[in-house]
Amino acid sequence: MSTTTRIQRSAPKAPPTPAIPRENVGSHRVSQRRGILWILGLSIAITASAIVTVGIGPVAIAPDVVTRVIAFHLFSIGEQIPGSDDNIVWLIRVPRVVLGILVGAALAMTGVAVQSLVRNPLADPYLLGISSGASTGAAASILFGFGAGAGALALTGSAFLGAAGAIVLVFSIARLGGRLIPTRLVFAGIAVSFALAALTNFLVFASDSRDGTRAVLFWMLGSLGQARWQSLPIALAGVAIAVFFLMWWSRRLDAIAIGDDTARALGTDPTRFRALAALVVSVVIAAAVSVSGAIGFVGLVVPHLARRLVGSTHRVSLPVAGLLGGFLLIWADALARTAFAPRELPLGVLTALIGTPLLILLVRRLSSR
């Protein structure tokens with residue numbers, strides 16, 4: 001026996017590379033196929049629902065009329081519908097439904113991200129105090145005419161400035177005394193939220209306008225009633241940012257949802273990534289809240305529904321959650337504006353009524369594990 005052969009036999013064998021179980025690979029592919037089917041199905045459902053819900057309201061309009069109005073204005077197909085139906089559909093209801101889809105998508109996608117970042121299934125996108133800042137800006141505009149020079153965008157612009165100010169305040173406080181860490185960021189968000197809520201209440205107290213106070217309360221409970229074509233680019237920009245960054249970071253979100261050690265092992269600094277992701281989520285929420293007010297429970301409940309449908313892989317659960325959020329919000333808005341017609345129910349009230357039983361069911365499932 002040669003010397004080389006003896007050395008090879010005496011050398012310790014390297015541990016075998018763990019193979020990925022075939023059942024896991026098969027499960028991942030099944031989840032992807034299921035996700036694609038849900039994305040296609042929800043896309044079709046949203047398109048059909050948008051046409052139907054545009055026709056729902058104090059003046060009922062048939063879906064074929066809605067389709068003809070949209071085809072004329074978007075593609076110059078056919079002739080313009082005479083009478084008031086054209087204005088009702090194109091100037092009032094289409095922007096409202098489109099805004100509902102965008103806001104629902106923004107809240108649901110950021111809800112998925114926030115729950116993974118803080119590894120808390122009960123976290124929602126309003127954790128960082130953004131909605132309170134937007135409410136303060138909206139109250140200043142409604143009660144004292146702040147930003148009146150912006151015309152029709154005064155309310156939306158003031159709310160966005162308030163939300164942006166809250167973001168700056170939260171990150172400034174969180175960085176005091178050292179580097180930015182998730183726990184400090186959450187506590188800063190809570191503190192800023194309480195402070196700005198108090199400031200909003202003070203503005204309401206200082207105002208003598210009863211109508212203004214009612215308008216502020218209605219806005220704070222969430223509504224799509226301020227939807228205009230001019231306000232859609234803000235919400236669209238927020239959704240575009242959410243889709244670009246969160247889908248780009250989907251694998252990092254998978255890793256950090258498992259644990260910080262897993263994220264480090266895959267080359268992601270969990271602290272730095274949480275800070276960057278929190279900043280992106282804050283900007284998206286600021287855009288959504290500034291045009292719709294604070295609509296609760298969508299960002300809390302829809303992520304759980306999406307995970308139950310397609311699993312927890314973010315590459316699949318994020319788009320499914322976005323589509324599901326838009327689908328649910330346009331139907332909730334249709335119900336809110338017709339259930340007590342001619343009065344309109346604040347959208348946040350309705351989503352809370354729908355979301356509370358789902359949240360109780362979620363808590364029961366968590367306690368039974």
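**Exercise 1. The second largest pocket**

Which residues lie nearest the centre of the second largest pocket, and how many residues line it? Describe the volume and the composition of this pocket as well.

*Solution.* The structure is a predicted model.

Step 1. Identify the lining. The second largest pocket is lined by 16 residues. Those that lie nearest its centre are R214, F218, W219, E344 and P346.

Step 2. State the volume. For the second largest pocket this is about 330 Å³.

Step 3. Find the main contributor. Helix α8, which covers residues 210-220, gives the most to the lining of this pocket, namely five residues.

Step 4. Sort the lining by class. The second largest pocket has 10 nonpolar residues, three polar residues and three charged residues in its lining.

**Exercise 2. The enclosed space**

Determine how many cavities of 30 Å³ or more a search of the whole structure finds, and describe the lining of the largest cavity.

*Solution.* 

Step 1. Count the cavities. The search finds one cavity of 30 Å³ or more.

Step 2. State the volume. The largest cavity has a volume of about 120 Å³.

Step 3. Identify the lining. A set of 13 residues lines the largest cavity, and L117, V118, L128, L185 and A278 are the ones nearest its centre.

Step 4. Assign the lining to elements. Helices α4 (85-117), α7 (182-206) and α12 (270-292) are the elements that give two or more residues to the lining of the largest cavity. The most comes from α12, with five residues.

Step 5. Sort by class. The lining of the largest cavity consists of 12 nonpolar residues and one charged residue, with no polar residue.

**Exercise 3. A network of charges**

Which residues are linked in a network of salt bridges?

*Solution.* 

Step 1. Side chains of opposite charge can pair when their charged atoms come close.

Step 2. A residue counts as buried under 20% relative accessible area and as exposed over 50%.

Step 3. R96, D333, R337 and E344 are linked by salt bridges.

**Exercise 4. A further salt bridge**

State how many salt bridges the whole structure contains, and explain what the pair D260 and R274 ties together.

*Solution.* 

Step 1. Take the total. A search of the whole structure finds five salt bridges.

Step 2. Examine the pair. The side chains of D260 and R274 meet in a salt bridge at 2.9 Å, N to O. D260 lies in helix α11 (residues 260-265) and R274 in helix α12, so the pair ties together parts that are 14 residues apart in sequence.

Step 3. Classify the partners. With 21% relative accessibility, D260 is partly exposed. R274, at 9% relative accessible area, is buried.

**Exercise 5. Surface and backbone**

Which residues form a nonpolar patch on the surface? Describe the backbone angle phi of S76 and of F297.

*Solution.* 

Step 1. Locate the patch. L74, F75 and I77 form it, with about 340 Å² of accessible area together. L74 belongs to helix α3 (residues 63-75) and is exposed, with a relative accessible area of 52%.

Step 2. Consider S76. This residue is found in the loop between α3 and α4. Although S76 is not a glycine, its phi is positive, at about 55°. S76 is exposed, at 63% relative accessible area.

Step 3. Consider F297. Its phi is near 75°, a positive value in a residue other than glycine. F297 is in the loop between α12 and α13 (298-310) and counts as partly exposed, at 23% relative accessibility.

Methods
Residues are numbered from 1 along each chain as its sequence is written. This is a predicted model: local features need pLDDT of at least 70, side-chain atom pairs count only at pLDDT 80 or more; totals for chains, interfaces and linings use all residues. Side-chain values use heavy atoms; hydrogens and water are left out. On a 1 Å grid over the protein atoms alone, a cavity is a set of points where a 1.4 Å probe fits but cannot get out, and a pocket is an open set with protein on both sides within 12 Å along at least five of seven lines; lining residues have an atom within 4 Å of a point. Grid points are joined across faces, edges and corners, and a volume is the space filled by probe spheres set on the points. Helices (H or I, at least four residues) and strands (E, at least two) are DSSP runs, numbered from the N terminus. Ala, Val, Leu, Ile, Met, Phe, Trp, Tyr, Cys and Pro count as nonpolar, Asp, Glu, Lys and Arg as charged, and the others, Gly among them, as polar. Patches are made of residues with over 30% relative accessible area and no salt bridge: like charges are joined within 9 Å, nonpolar side chains (Val, Leu, Ile, Met, Phe, Trp, Tyr) within 5 Å. Accessible areas come from the Shrake-Rupley method with a 1.4 Å probe; for residues, only the protein chains shown count as cover. A salt bridge is a side-chain nitrogen of Lys or Arg within 4 Å of a carboxyl oxygen of Asp or Glu. Buried means under 20% relative accessible area, exposed over 50%, partly exposed in between (1.4 Å probe, protein chains only).
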